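Me: I have a structure open and have not looked at it before. Can we go through a few parts of it?

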Amino acid sequence: MDKKKKRNSQSKKIFIGLILGIVVGILLHTLVPDSHFKNDILIDGIFYTIGQLFIRLMQMLVVPLVFFSIADGCRNIGDTETLGKVGVRIVAYYLLTTALAIVVALSLASLIRPGKGMNMSIGDQSFEAVDTDISLVDTILDFVPTNPIEALATGNMIQIIIFAVLVGLLIASMEDRLITLGNIVTEMNDLMMGMTMWVMKLAPVGVFFLIARTFSNLGFDAILSMLSYMGSVLGSLVAQLILVYMLLLSLFVRVNPFKFIKKYAPVMTFGFSTASSSATVPLNINTLEEMGVDRKISSFTIPLGATVNMDGTAIMQGVAVIFISNAYGITLSPTDFLTVILTATIASVGTAGIPSVGLVTLSMVLESVGLPVEGIAIIMGIDRILDMARTTVNLSGDAVGTIIVANTVSAFDKNKFNS
């Protein structure tokens with residue numbers, strides 16, 4: 001009970017930091033005139049530095065945490081048959097919900113029609129596109145690391161996951177000869193979890209400065225000018241959360257979805273504040289364990305989801321395609337819509353779980369249907385706010401998928417969930 005009270009207290013502190021950050025940011029933007037002190041010392045100095053220090057502390061943990069948690073998870077699952085069932089089912093779930101997310105986004109945006117009447121012309125905005133000429137074959141080949149050390153050093157999450165799975169499986173199959181190495185992997189996983197919980201104590205402060213800087217730069221002006229686009233994205237995110245995730249949870253696990261939202265709220269709040277799926281991995285795993293999911297399952301599926309399951313990002317890309325096509329007066333064909341669904345699904349696989357990375361992969365989606373990449377510049381100003389919202393959906397999708405798959409292999413305790 002003390003542990004639960006402590007967790008609730010920390011969640012309240014994070015939420016308070018979030019609210020205070022919004023209030024302070026909006027007050028600074030609307031009431032305090034621009035000056036050297038406000039812009040350079042306060043917003044881009046103190047707010048930026050402290051906020052980024054917290055983000056860097058979380059990023060510092062991501063690579064070793066993902067590697068050791070997946071390796072330890074595969075080792076604990078033990079037999080390849082169970083791991084195979086879990087792996088195939090969670091990947092199928094991730095791909096299915098990502099495709100559904102894009103369909104939801106395209107459908108709702110087609111009804112709301114964001115960007116209609118803007119009459120933009122190519123060249124009005126500028127955005128430096130990255131090289132997105134990536135074939136499906138290259139994407140598949142890039143899953144396997146040629147140098148695991150390089151993959152760890154550069155933070156290539158897909159390659160890290162593949163290497164960690166192999167390490168975990170081999171330790172499990174050679175347990176009698178690798179007892180010491182197996183214990184080291186488990187202890188390193190415990191160490192990273194403990195370090196993460198220590199860093200999490202700084203979360204309320206980090207959240208305050210991150211949110212305060214975001215809203216002090218944007219205020220309400222940028223939000224109001226892009227209301228139709230924001231409404232389409234946020235509406236699609238809510239639809240994905242309620243109509244897809246909660247429905248799947250009810251159908252396949254037979255638990256109360258509203259109880260899930262209540263129990264999962266601390267993870268949603270933290271994910272919203274940091275806009276980083278990877279930074280939320282340890283809190284996600286711990287919260288799911290408290291909800292009745294065996295850590296052996298979640299330590300594999302959650303880090304994997306933080307890399308390959310980006311439904312919120314896919315939704316943003318779907319809405320952005322409609323918005324930019326309307327803004328430039330370009331009509332899309334049914335074939336273009338199918339291309340967007342396939343391209344955005346592929347683009348979401350391997351997307352780093354860090355803030356605003358969806359804008360980079362969006363350029364690939366736009367180019368696939370011949371839309372001007374310059375259109376990204378229109379939505380960059382408010383992307384941070386939407387990024388926070390879609391990260392919340394990304395995390396919820398990971399958690400729901402983990403519960404569903406854990407339930408299929410008898411690794412989910414319903415009584416603990418309902419308590």
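Me: Which helix is Ile112 in?
Reply: Ile112 sits in helix α3, residues 80-112. Helices here are DSSP runs of H or I with at least four residues, strands are runs of E with at least two, and both are numbered from the N terminus. This is a predicted model, where local features need pLDDT of at least 70, side-chain atom pairs count only at pLDDT 80 or more, and totals for chains, interfaces and linings use all residues. Residues are numbered from 1 along each chain as its sequence is written, and side-chain values use heavy atoms, with hydrogens and water left out.

Me: Is Ile112 buried, exposed or partly exposed?
Reply: Ile112 counts as partly exposed because its relative accessibility is 38%. Buried means under 20% relative accessible area, exposed means over 50%, and partly exposed is in between, using a 1.4 Å probe and protein chains only.

Me: How many Å separate the C-alpha atoms of Ile112 and Gly231?
Reply: They are separated by 8.5 Å, and the two residues are 119 apart along the chain.

Me: Now Val393. Where is that?
Reply: Val393 is in helix α18, residues 383-408. With 5% relative accessibility, Val393 counts as buried.

Me: What does UniProt list as "transmembrane region"?
Reply: The unreviewed UniProt entry lists residues 14-33, 45-70, 91-112, 151-171, 191-212 and 232-253. Those positions follow the numbering used here, feature names are shortened, and annotations may be inferred rather than shown by experiment.

Me: What is the chain like over residues 45-70?
Reply: Residues 45-70 are 100% helix and 0% strand, with the end C-alpha atoms 37 Å apart. Residues 232-253 are also 100% helix and 0% strand, and there the end C-alpha atoms are 30 Å apart.

Me: What about α7, how far does it reach?
Reply: Helix α7, residues 179-200, has 22 residues and reaches 32 Å from its first C-alpha to its last, close to the 32 Å expected at 1.5 Å a residue. The expected span is 1.5 Å times one less than the number of residues.

Me: Which residues of α7 are buried?
Reply: Gly182, Val185, Asn189, Met192, Met193, Thr196, Val199 and Met200 are buried in α7. They are on the same side of α7, because they cover an arc of only 125 degrees around the axis. That arc is taken from the directions from the helix axis to the C-beta atoms.

Me: And the other side?
Reply: Thr180, Glu187 and Trp198 are exposed on the other side of α7.
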